[in-house]
Amino acid sequence: MKYDAVLVLDFGGQYCHLIGRRIRENGVYSEIVPHDVSLKTIRLLGEKSNIKGIIFSGGPASVFDADAPKPDKGVFDLGLPILGLCYGHQLIARIFGGEVKPAKRREYGSAYVTIDKPVGVLKGLDRKEKVWMSHSDTVFSVPFEFEVLAHTQNCPVAAFRHKEKPIYGLQWHPEVVHTVHGMQMIRNFIFEVCKCFANWKMENVVERMVNEVKNEVGAGKAIIALSGGIDSSVATAIAAKALGDRLTAVFVDHGFMREKEPEFVRDTFERLGINLVTVNAQDRFFEKLKGITEPERKRKVIGEEFIRVFEEVAEKTGAEYLIQGTIYPDRIESGFRRFSDKIKTHHNVAGLPTKIKFKKIVEPLRDLYKDEIRKVAKMLGLPKEIVFRQPFPGPGLAVRVIGEVTREKIDIVRRADRIVREEIEKGGLKDRLWQYFAVLTDTKATGVKGDARAYGYVVAIRMVESREAMTASFAKIPFKVLEKISTRITNEIPQVVRVVYDVTHKPPATIEWE
């Protein structure tokens, strides 16, 4: 049975993935495609699913830019409902002849919008709604065949619709949690306007991923990069279903793992019957990182060295394919799309070297979000220690040491990380947190230990709450817990004299410091 779907045309906005995720949360499949996707591609996608609507995402460009991204004009002739958000809203207005101009006053953050006509996408909303704005251009008037549905003090056309066709525009972002009734707006579009049925389930995803690995690898052999995190663990379970004994899982001990993690990974996957190869590569990774302080350079060096280790194992096993647990937020932050900004390189995306010896890199999880990965992990019967394991970067503690990576610094941050985890788990707080960890900064400060002057490192503690890792809020941890963490770190780690707490949301920060 084909399931109903909504296409999201990607104009480079950092929230683009959230649109797709919100649609999926309602049991409707979403596919994110390039903004200039061809009509032929749309028709091909329509052979796999019932495409019921299209959403234009936001983006960093201005509609006045010479190279402003635009869709294929034929998209408007498909007869499908269309919803433009932020940049997409302005683009639709401009394409149809509306008046779009740079705003005298930019709106960024929470705003209150007045709903003039609660119809279509805005059905059932209150007269005043709290929404999330982020724009510098503004629609000032709509073409004669459109009507205004909402406005703000600074934005005379905050929402509109075509009088005859199911075409809508919203200046705000309904996909972010800061828009109070944003999910209702999305539901209105997919169910009221597009007439979708909620017939998409995660079971469909597992079957599709297994078949994809089978098709990509064919009769060949593959190795998979296994870190023990939930992403690589799920990818390993999927690949094992597809390939059986033609799969070799490779765990690279680069020396940057948390305390006792190498032993945990080996024991867990040997019990699961996975063909596992462990490579102790600590010396070569530390040697490669000597003198390197710039974060992006670190990630690229680590990414390249990972590949070289995998190539060596592949040569011994006869594997021609590399499978990785890359997920959608990794690809977003690595700037894989034409009009998106690169936030940081992920070693398994843009951190890879340009020349590799594998026929192909296969990434079955590339379109899934972290919460979806957890659902798949449960369905596959993975141990709860993996299902609920907090995210951990591929380069490990190397990107939690600011500046040059040395064995001493890794030891310090590893011990600090253990203390943070122990105290959070003792306090019963781990289930409400997305991540909680320590960062060794490259700052030193003066302190007092044993009535004597001490000069040592500053450790930063980072704890966040999130749903999908693309946005996050710093956690309001009880002061008693923070005090216990700080006291233990400064008492148990002689090189540390000061502990600070990171109170920055994402955005503007990322969750990791590097």
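In which strand is Glu 147 found? Glu 147 is part of strand β7, which covers residues 146-151. The model is predicted, so local features need pLDDT of at least 70, side-chain atom pairs count only at pLDDT 80 or more, and totals for chains, interfaces and linings use all residues. Residues are numbered from 1 along each chain as its sequence is written, and side-chain values use heavy atoms, leaving out hydrogens and water.

**View 1. The whole protein, with its helices and strands.** Along the principal axes, the C-alpha atoms fill a box of roughly 75 × 65 × 40 Å. Buried residues make up 59% of the 514, where buried means under 20% relative accessible area, exposed over 50%, and partly exposed in between (1.4 Å probe, protein chains only).

**View 2. Glu 147 and its contacts.** Now zoom in on the residue from the opening question. Glu 147 is buried, with a relative accessible area of 16%. Leaving aside neighbours within four places in sequence, Glu 147 is in contact (heavy atoms within 4.5 Å) with Lys 117, Val 142, Ala 159, Phe 160, Arg 161 and Lys 163. Its side chain makes a polar contact with the side chain of Lys 117 at 2.6 Å, and another with the side chain of Arg 161, also at 2.6 Å. A polar contact is a pair of N or O atoms within 3.5 Å; within protein, one must be able to donate a hydrogen and the other to accept it, and residues adjacent in sequence count only if both atoms are side-chain atoms.

**View 3. Thr 179 in a loop.** Look next at the loop between β9 (167-170) and α4 (182-193), where Thr 179 lies. Thr 179 counts as buried, at 2% relative accessibility. A polar atom of its side chain lies 2.7 Å from the backbone oxygen of His 173. Not counting residues up to four places away in sequence, Thr 179 touches several residues, including Lys 130, Trp 132 and Met 185.

Terms used:
Helix = DSSP H or I, 4+ residues; strand = E, 2+ residues; numbered from the N terminus.
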